[in-house]
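Visitor: I'm new to reading protein models. Could you walk me through this one?

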Amino acid sequence: MKKLLTLIACTATMMTAPALAKTVRLASDFTYPPFNYMDADGKPAGFDIEIADALCAEAKLECTWVSQGWDALIPSLLARKSDVIMASMRITEERKKRILFTDKYYQTPARFVTAKQGNIEISQTGLKGKVIGVQSGTIHDRYVTDKFGDVAEIKRYSGQDEVYIDMQNGRLDVTFGNSDQLALAFLDKEIGAGFEFVGEAVTDKAYIGEGTALALRQSDTALAEQFNQAIAAIRANGTYDKIASKYFSFDIYGE
């Protein structure tokens with residue numbers, strides 16, 4: 001009997017140990033500097049990456065990174081090829097039907113960019129016949145498609161960096177995206193010389209969402225709560241602000 005009990009205990013330990021030691025696979029597309037990208041050594045870098053690493057440390061989770069194209073992020077999550085999406089994904093009602101979001105870790109508006117002295121007005125009339133470049137499958141894609149898809153040509157790209165190259169080369173009239181990413185990765189760089197914001201900031205929650213968060217499968221409520229507690233903790237202990245100050249000169253967290 002003693003040997004039997006010992007065998008049962010060992011078997012239980014073997015069954016529970018992998019669950020406790022499970023590595024949480026964080027997925028990103030790494031095409032969205034300064035939020036997520038690969039550095040010169042081919043390693044994940046950026047604000048999203050540092051925040052995620054801090055959250056995993058706070059929650060005492062062993063985390064690793066996997067690369068997925070933007071359009072594949074949600075399908076791959078649902079197919080269990082990753083466990084968490086950490087790729088500056090906005091919380092929207094449409095996405096909430098498929099996946100579970102944590103609390104936000106930042107919130108910014110979206111804006112249009114065009115050439116200086118381009119004399120483009122952000123309206124149905126002003127964008128008639130123009131070419132708008134956006135990252136495919138994003139909320140920005142959905143917004144310009146719904147608002148201007150009947151009058152303008154919408155050109156879609158797998159990564160935001162490709163949009164900037166075509167803006168510089170004159171293949172696009174306008175692009176639309178996260179205002180802070182546009183400023184830091186394009187307008188403030190040499191490639192963005194000669195371009196500027198145009199029109200008002202877009203904050204419509206139906207499109208822009210309720211903030212940016214980590215995304216999980218809807219069944220993973222316990223893991224989501226671990227991340228929520230970690231977000232609150234790094235906000236309270238100063239870790240969040242220390243990381244944010246490396247990338248931004250303003251409050252990226254938002255209201």
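Visitor: What pLDDT does the protein average, and what share of the residues score at least 70?

Guide: This is a predicted model, where local features need pLDDT of at least 70 and side-chain atom pairs need 80 or more, while totals for chains, interfaces and linings use all residues. Residues are numbered from 1 along each chain as its sequence is written, and side-chain values use heavy atoms, leaving out hydrogens and water. As for your question, the average pLDDT is 91, and 92% of the residues score at least 70. pLDDT is the predictor's confidence in each residue, from 0 to 100.

Visitor: Where is the pLDDT below 50?

Guide: Over residues 1-21, a stretch with one contact in the model beyond near neighbours in sequence. Contact means heavy atoms within 4.5 Å. Where pLDDT is low, the predicted coordinates should not be read in detail.

Visitor: Why does Thr114 count as buried?

Guide: Buried means under 20% relative accessible area with a 1.4 Å probe, protein chains only (exposed is over 50%, partly exposed in between). Thr114 has 4% relative accessibility, so Thr114 counts as buried. You'll find Thr114 in strand 8 (residues 110-115); strands are DSSP runs of E, at least two residues, and helices are runs of H or I, at least four, numbered from the N terminus. Leaving aside neighbours within four places in sequence, its contacts include Ile120, Met167 and Asp173.

Visitor: What makes Phe112 and Tyr143 a tilted pair?

Guide: Rings of Phe, Tyr and Trp (its six-membered ring) pair if their centres lie within 6.5 Å; planes under 30 degrees apart count as stacked, over 60 as edge-to-face and the rest as tilted. By this rule there are 21 aromatic pairs. For Phe112 and Tyr143, the centres are 6.5 Å apart and the planes are at 55°, so the pair is tilted. This pair links distant parts of the chain, with Phe112 in strand 8 and Tyr143 in helix 5 (residues 139-148), 31 residues apart. Both Phe112 and Tyr143 are buried.

Visitor: And why are Tyr164 and Phe186 called stacked?

Guide: Their ring centres lie 4.6 Å apart and their planes are at 10°, so this pair is stacked. Tyr164 sits in helix 6 (residues 160-168) and Phe186 in helix 7 (residues 179-187), 22 residues apart.

Visitor: How do you know that the charged end of Arg235 sits over the ring of Tyr253?

Guide: The rule wants NZ of Lys or CZ of Arg within 6 Å of the ring centre and within 35 degrees of the ring normal. The charged end of Arg235 is 3.6 Å from the centre of the Tyr253 ring and sits over that ring.
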